[in-house]
Amino acid sequence: MSAEQQERAVRCLVAKVGLDGHDRGAHVIARAFRDAGFEVVYSGLHRAPEDIVQAAVQEDVDVLGISILSGAHNTLVPKVIEGLKEYDAFDDTLVLVGGIIPDEDEDDLKELGVAEVFGPGTPMEETIEFIRNNVPERA
Amino acid sequence: MAGPDAPAFADAPSLSDADAALVEDLLSGSHRALARVITKIESRTPGYRAIVSALHEHTGGADVIGVTGSPGAGKSTLVDKLAAAYRERGDTVGVIAVDPSSPYTGGAVLGDRIRMGSNVGDMDVFFRSMSARGQLGGLSTATADAVKALDAFGKDVVVLETVGAGQNEVDVVRTADTVAVLVQPGSGDDVQTLKAGILEIGDVFVVNKADMDGAQRTVAELEEMVHRREGGTTGRGAGHHGAASMASTEGGGSAGSHHDAGHSADSESGESDARDADADDSWTPEVLETVANTGEGVEGLIETFDAHAAYLRESGEIETTERRRYAEEIRTLVRADVGALATAEIERRGGIDRLAERVRDRETDPYAVAEAIVGPIADCVEEAADGDRDD
């Protein structure tokens, strides 16, 4: 028996995957998430999909936000999702994609299992609200 | 100590079926299960105690190394290189990196992972960031439990990395077998600030960024400080107010500081290792130089960690250290649990604010309130103890 109360913060991995070297957006997002009370793990630049999977699994994040500005989302995102499934981590991870994603690709990504795609100019509050409403329940 | 009259502890918290399966998965090597267990430990999910309980018997196999130092000293980069070097020789590695969290929002940016460039994609390095958010049972309890999870998982080496900023963080690294304190070259002031509590816990001092100006001076200053602390077996404790006061803050007074404890455990380990065996058999902290960016000096650092681990084993100090550590864990847990009982009782009596108001109105006084709250708890304990004796 313990009277300790539960302390659960939403954990997010903000991931830069692939070759694009622009992470100002990722930094701004990381800080906004922190200010919203989330715990944010930042991957650093130029990560391969398997690195992102390793980080998401080990850090046991609730939310994986992938930032891609290079246009390679159609090859990179499926690899990340495959990896998550391999470690049995896909079902309780909310996968978001941010960056410049053409509309027709957005549908494909959602088909794959991406919960939402946030383009440039999305208000920060909208993203944070979306996470709060959709973060997977943990057993 | 377990004598013939020691009560049996049949009261281990019981595992739910789901948690039992989780423990099973962890022990059989599932990364997902390990990650999930650490999350439960970190967020105090109901049932986490039973999980840690179940893991305990599987622990004890890992060398636990604490790395601390001021922000910017290069801890994360060095830990990355250490992990890579351990992997090189075939060891599996777990890393717990503690980052500060905002006291206002509870949010945190955990950035240590950015520096783990040498080990990305290598699942045999299990890296986990933890935020130092207001842990009820104490941050050191959460990190020590997370280390147990990695240990039970079968990691050969577990590295615990934390900013050496305050008592909380000092408590964290004190749960490690071997503590490395990182120092940045450049200013004697840096070494001065170390005196405030961290110097006493270092088994190894590492001047990182040793290619920078002033590194030699910092090394010399540290050497001097280490040897001053050495200076005669008897004088050591007396000369260091820090050591004594640190041990008494949380430890209820009986646990000596790291090195004072070592003295009581001096034993027959003359040939223990490669250190200059000048005076007694106790460990003299070493001062090493590294350049974490290039990996220079990392080999030597690992050799020193090994030497310290060997010293702990051969001198028998490991037993003293472990007993002290577990005593500390028990005290912390008991204090937290009893505190929670009292807090609940305060709530039942209308909350702390109402009680304070009554004291302010001179209706009652703090001692009377404390007695009223703790009295019934004490009665229950006594009753239970009587019951035990009757058996």
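**Strands, core and loops**

Analyst: A:Val40 stands opposite B:Val109 in β3(B). Keep in mind that this is a predicted model.

User: Which strands pair there, and in which sense, parallel or antiparallel?
Analyst: Strand β2 of chain A, residues 39-42, pairs with β3(B). The sense is parallel, over three bridges.

User: What is the strand order in the sheet?
Analyst: The order is β5(A)-β4(A)-β3(A)-β1(A)-β2(A)-β3(B). That makes an open sheet of six strands with parallel pairing.

User: Which strands stand at the edges?
Analyst: β5 (116-118) of chain A and β3 (108-110) of chain B. Each has a single partner strand, so one side of each has no neighbour in the sheet.

User: How are neighbouring strands turned against each other?
Analyst: By 25° on average, ignoring direction.

User: Back to A:Val40. What is it in contact with, leaving aside neighbours within four places in sequence?
Analyst: In chain A, the contacts of A:Val40 are A:Cys12, A:Val14, A:Ala30, A:Phe33 and A:Arg34. In chain B, A:Val40 touches B:Ala108, B:Val109 and B:Leu110.

User: And the largest nonpolar core? How many residues does it have?
Analyst: That core has 112 residues. A:Val40 is among those with the most contacts inside it, along with A:Ala56, B:Ala149, B:Val159 and B:Leu160.

User: Which helix gives the largest share of this core?
Analyst: Helix α5 of chain B, residues 139-153, with nine residues.

User: Where does the core lie relative to domain 1 and domain 2 of chain B?
Analyst: Between them, because both give residues to it. Domain 1 is 9-58, and domain 2 is 59-266 + 280-314.

User: Switching to chain A as a whole. What pattern does it follow along the sequence?
Analyst: Chain A reads β-α-β-α-β-α-β-α-β-α. The tally is five helices and five strands.

User: What is its radius of gyration, and what would a compact globule have?
Analyst: Chain A has 15 Å. A compact globule of 139 residues would have a value near 14 Å, so the two agree. Along its principal axes, the C-alpha trace of chain A spans about 50 × 35 × 25 Å.

User: How much of chain A counts as buried?
Analyst: 43% of its 139 residues. As for contacts in chain A with a separation of 6 or more, 72% come from residues 24 or more positions apart.

User: What about A:Arg31? Where is it found?
Analyst: A:Arg31 sits in helix α1 of chain A, residues 24-35. It counts as partly exposed, with 16 C-beta neighbours inside 10 Å.

User: Now chain B. Is helix α14 buried or in the open?
Analyst: Largely in the open, because zero of its nine residues (352-360) are buried. Just after α14(B) comes B:Arg362, with a positive phi of about 65°.

User: Where is the place of B:Arg362, and is it buried or exposed?
Analyst: B:Arg362 is in the loop between α14 and α15 (366-390) of chain B. It is exposed, with 7 other C-beta atoms within 10 Å. It has its positive phi although it is not a glycine.

User: And B:Arg44? What is its phi?
Analyst: Positive, about 55°, and B:Arg44 is not a glycine either. B:Arg44 lies in the loop between α2 (31-43) and α3 (48-56) of chain B.

User: Buried or exposed, that B:Arg44?
Analyst: Buried, because B:Arg44 has 21 C-beta neighbours inside 10 Å, and the cut-off for buried is 20 or more.

Key
Residues numbered from 1 in each chain as written. Chains lettered and ligands numbered in written order. Predicted model: local features only at pLDDT ≥ 70, side-chain atom pairs only at ≥ 80, totals over all residues. Core = buried A, V, L, I, M, F, W, Y, C linked by C-beta atoms within 7 Å. Buried ≥ 20, exposed ≤ 12 C-beta atoms within 10 Å, placed from the backbone. Helix = DSSP H or I, 4+ residues; strand = E, 2+ residues; numbered from the N terminus. Domains from an automatic or database assignment. Contact = placed C-beta atoms within 7 Å. Pairing = 2+ DSSP bridges. Axes fitted to C-alpha atoms, helices over the stretch in contact; angles between N-to-C directions. Rg over C-alpha atoms; globule rule 2.2 N^0.38 Å.
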